[in-house]
Amino acid sequence: MGDKPSEAATPGPRESGSGTPAPSIPTAPIVRAPHEAEGSWWGSAWTRIKQHKIVQWTVAYAAFAFVALHAATLASDALDWPHAVVRTVMLVLILGLPIVPILAWYHGVRALKRVSGSELIIIALLLVIGGSLLRLLPRPAAERARTETPSPLATINPKPEPTQTAFNPPAHSIAVLPFVNMSGDPKEDYFSDGISEELLNALSRLNDLQVVARTSSFSFKGQNVDVPTIARKLNVGAILEGSVRRAGNTVRITAQLINTVTGFHLWSETYDRPLNDIFKVQTEVATAVAQQLEIKLAGDSTKIAVGGTRNPDAFDTYLRAQRLYEEGPGDTAGWRAVLAVLDQAIALDPNYADAYTRRAAALLNLSQISSADALKALYEQAAVAAERAVALAPDSGDAHAALGRVRFDVYLDFAGGAAEFDRALALAPGSAYVQRNAGHYMAFLGHFEPALKAAQRAVDLDPQNWFSYWQQGLTFYDARQYGEALATIQHALVLKPGSPELNYWLSRILFASGQVEQSRQLCETPTTPMLEDDRHYCLALVYHALGRQADAEHELDQYKKLDGDGQPVGYAEIYAQWGNAPAALQWLTKAERLHDWQLEFLKADPTLDPIGNEPQFKALMARMKFPP
């Protein structure tokens, strides 16, 4: 497609000075050799490109495309637009790249030529072909995840993480990330983690502040996850992070507060203090954070340091015990090791309330996996520790929660336990530990509405902790809301796959909801992680329900061989489901004689519903003195 010469360039007849046309002189046409003509065409190519300003148009378009794409990306991030918006903009800009030189060819020199119909067809074909090819490009993983068929694991997750919803965290919500250990010694991690947890606990005592619990905040440790992602997963409006460097008897703590909605740093400070001033630093940091988040401290400032110690050696020892406790000892030896370190901290400071609180909780956890002959001593020690913690720190919500557990588990004093949990909730509404335990025990009393409210609050405060969902699932189970219980336990299994405890309760909920065959398959499968006595318990129930009574009796015999007289309430549950009320009541009477802590399940346990109207059962309920 050559250029059409303009009229101004066409030689016309010359005029003479008088105005008459001069006679034209005939000229012979100039004929070039073929190779000369070809060389001239290629030689003028760059001149023609410059004449039509193709380079300028292309460069200008590239600059415009870069700015437009960058602006679209920023707008998408700020306004939470779907990824498809940025993708569409990018595709349009790419498709425009071959079109710009074509348009420049025709319009780079003004009014040379209009675009013909055939040329428009060529441009349209380029658009269709380019768009088809770009559509074949691989899509981003996040977009694929939204359009492809979900995996079985995803289908059992009842509470999927929102991917493209607007980020609108609760006001005055915060997560404390584990502070970085800057000492250079990995063995000092317990100290930096402990400082972080102490700050978290101090902030959680402020009634107007929602603080994510330790398990969820620390779940991102060692992972390459940015602050905005963590904020979305934890649903918080602010994050406190920092570092700790200990050298001898001095410590440097650097803390910074980030607004997760805007991404701006709100506040930062560095503290260089002797170790015995570490507790003052915690109070200063907590106070500064509260002020930045516009929290009204009022009398709450006095609760920030409640239950602590001013003895740096006791504090260091307590942090070591805390690390062992959080790692979750799985056997009696592990819990004994935790208790030994806590005893060292108490020996260094006999007035260390937090150490007594942790000791009471550890003793109760140990009692649940100990033999019957060891229970009395463990219960007595737990009671002493919890009562001492409350005496030393009467404003500690965790101490009252520990005493509430003692009232329930040790003394079967349900009214006294409920009073302690009420006090704990009033003192520490922002503690996931308090909310979780309060909800759990309120369900035993049949107070399902406040129990479910507390269980949900615990999930909100600790959304990455499987234990929160487990306790919530048990509360739904006690309330006979089996669909919700099933979904919640399945979500807990996503967070802790292969958990024997969760698989056991999943089997019980399936059975209670009438899904007996699914419960049987779960318990019969050898690869299903489950404790052997729990497996026998499950099969004793499902085989009876399926009419396989001989198999059910065999499973019960195996269950008794493993646990002896240690599970009288469990045996009563099986006999109740079998319709053998006399045997069920006989085992419950034995549980009362043994002062079995599992009698606290009596009022809410769905498995005992078949004997609920038996006079002997009602008499036992009256003796248990459950509050109305």
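Student: Which faces of strand β1 are covered?

Tutor: Both faces of β1 (residues 173-176) are covered. Ser 173 and Ala 175 are buried on one side, Ile 174 and Val 176 on the other. Buried means under 20% relative accessible area, exposed over 50%, and partly exposed in between (1.4 Å probe, protein chains only). Strands (E, at least two residues) and helices (H or I, at least four) are DSSP runs, numbered from the N terminus. This is a predicted model: local features need pLDDT of at least 70, side-chain atom pairs count only at pLDDT 80 or more, and totals for chains, interfaces and linings use all residues. Residues are numbered from 1 along each chain as its sequence is written, and side-chain values use heavy atoms, with hydrogens and water left out.

Student: How do you know that β1 and strand β3 pair?

Tutor: Two strands pair if DSSP finds at least two bridges between them. β1 and β3 (residues 210-211) have two bridges, in the parallel sense. Ile 174 stands opposite Val 211 in β3.

Student: What makes β1 and strand β4 a pair?

Tutor: Three bridges, again parallel, join β1 to β4 (residues 238-247). Val 176 has Leu 240 as its bridge partner in β4.

Student: How many aromatic pairs does the structure hold?

Tutor: There are 22. Rings of Phe, Tyr and Trp (its six-membered ring) pair if their centres lie within 6.5 Å; planes under 30 degrees apart count as stacked, over 60 as edge-to-face, the rest as tilted.

Student: Why is the pair of Phe 414 and Phe 626 called stacked?

Tutor: The ring centres are 4.3 Å apart and the planes lie at 5°, so the pair is stacked. Phe 414 is in helix α17 (residues 414-427) and Phe 626 in the segment after α28 (615-624), so the pair ties together parts 212 residues apart in sequence.

Student: Why do Phe 414 and Phe 626 count as buried?

Tutor: Phe 414 has 1% relative accessibility, so it counts as buried. Phe 626 has a relative accessible area of 13%, so it is buried.

Student: What makes the pair of Tyr 504 and Tyr 537 edge-to-face?

Tutor: The angle between the planes is 70°, and the centres are 5.9 Å apart. Tyr 504 is in helix α22 (residues 500-512) and Tyr 537 in helix α24 (residues 532-545), 33 residues apart. Both Tyr 504 and Tyr 537 are buried.

Student: How do you know that Arg 358 lies over the face of Tyr 325?

Tutor: A charge sits over a ring if NZ of Lys or CZ of Arg is within 6 Å of the ring centre and within 35 degrees of the ring normal. Arg 358 lies over the face of Tyr 325, at 4.6 Å from the ring centre. Lys 560 lies over the face of Tyr 571, at 5.8 Å.
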